[in-house]
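Trainee: Please take me through this model, with the criterion behind each label.

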Amino acid sequence: QVQLVESGGGLVQAGGSLRLSCAASGRTFSSYAMGWFRQAPGKEREFVAAISWSGGGRSLADSVKGRFTISRDNTKNTVYLQMNSLKPEDTAVYYCAAAPSITTMSFAEYWGQGTQVTVSS
């Protein structure tokens, strides 16, 4: 069992940066791949980024490549999403997820409650 709690969302101007954190509870955090998804109003949830259990594998959506970075610290049971050069279209609720692997992230077993990111133009 893994519980996930996101933090770090907020309001930022276009071009700014935010770092989201997802703190996990449970002894098996380091055995899960972790991911970030987002959902904007009126749109379906979409994949943003994922990282393997070791941190050696990463995947990013094309829309955020070159701007977002995903990382994890297994000693702190935390995964991060560093978001730079933010655009208004990045506005969404961002969700953290845990899955057995990057390739199964869309079918993640565990989800956080979400954190709002709003980018003003």
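**Labels and criteria**

Mentor: Val5 has Ala23 of strand 3 opposite it. The model is predicted, so local features need pLDDT of at least 70 and side-chain atom pairs count only at pLDDT 80 or more, while totals for chains, interfaces and linings use all residues. Residues are numbered from 1 along each chain as its sequence is written, and side-chain values use heavy atoms, with hydrogens and water left out.

Trainee: What makes strand 1 and strand 3 a pair?

Mentor: A strand is a DSSP run of E of at least two residues, numbered from the N terminus. Two strands pair if DSSP finds at least two bridges between them. Strand 1 (residues 3-7) and strand 3 have five bridges and run antiparallel, so they meet that criterion.

Trainee: Which way do strand 3 and strand 8 run, and how many bridges join them?

Mentor: They are antiparallel, with six bridges between strand 3 and strand 8 (residues 78-83). Ser21 faces Tyr80 of strand 8 across the pairing.

Trainee: What lies between strand 4 and strand 5?

Mentor: Six residues lie between them in a hairpin, and Gly42 in the turn has a positive phi of about 80°. The two strands are antiparallel and joined by five bridges, with Gly35 opposite Ala50 in strand 5. Strand 5 also has three bridges to strand 6 (residues 58-60), again antiparallel. There Ile51 is opposite Arg58 of strand 6. The hairpin of strand 5 and strand 6 has six residues between the strands, and Gly55 takes a positive phi near 90°.

Trainee: How many aromatic pairs does the structure hold?

Mentor: There are three aromatic pairs in the structure. Rings of Phe, Tyr and Trp (its six-membered ring) pair if their centres lie within 6.5 Å; planes under 30 degrees apart are stacked, over 60 edge-to-face, and the rest tilted.

Trainee: Why is the pair of Tyr32 and Tyr110 called edge-to-face?

Mentor: Their ring centres are 5.8 Å apart, and the planes stand at 80°, so the pair is edge-to-face. This pair links distant parts of the chain, 78 residues apart: Tyr32 is in the loop between strand 3 (18-25) and strand 4 (33-39), and Tyr110 is in strand 10 (residues 110-111).

Trainee: Why does the pair of Phe37 and Phe47 get that label?

Mentor: Here the centres are 5.7 Å apart and the planes at 75°, so Phe37 and Phe47 are edge-to-face. Phe37 belongs to strand 4 and Phe47 to strand 5 (residues 46-51), 10 residues apart. Together with Trp111 they form one aromatic cluster.

Trainee: How do you know whether Phe37 is buried or exposed?

Mentor: Buried means under 20% relative accessible area, exposed over 50%, and partly exposed in between (1.4 Å probe, protein chains only). Phe37 has 4%, so it is buried. Phe47 has 25% relative accessibility and therefore counts as partly exposed.

Trainee: What sits over the ring of Phe37?

Mentor: The charged end of Arg45 does, 5.7 Å from the ring centre. The criterion is NZ of Lys or CZ of Arg within 6 Å of the ring centre and within 35 degrees of the ring normal. Arg72 likewise has its charged end over the ring of Phe29, 4.6 Å from the centre.

Trainee: Why does Arg38 count as buried?

Mentor: Its relative accessibility is 6%, so Arg38 counts as buried. Arg38 lies in strand 4.

Trainee: What makes the side chains of Arg38 and Asp90 a polar contact?

Mentor: A polar contact is a pair of N or O atoms within 3.5 Å; within protein, one must be able to donate a hydrogen and the other to accept it, and residues adjacent in sequence count only if both atoms are side-chain atoms. The side chains of Arg38 and Asp90 come to 2.9 Å, although these residues are 52 apart in sequence. Arg38 also makes a side-chain polar contact of 2.9 Å with Tyr94.

Trainee: Which residues touch the most other members of the largest nonpolar core?

Mentor: A nonpolar core is a set of buried Ala, Val, Leu, Ile, Met, Phe, Trp, Tyr and Cys residues joined through side-chain atoms within 4.5 Å. Among its 30 residues, they are Leu4, Met34, Trp36, Leu81, Met83 and Tyr94. Strands that each supply at least two residues of this core include strand 7 (68-73), strand 9 (92-99) and strand 11 (115-120). Another core, of seven residues including Phe37 and Met105, lies apart from it.

How values were computed
Helices (H or I, at least four residues) and strands (E, at least two) are DSSP runs, numbered from the N terminus.
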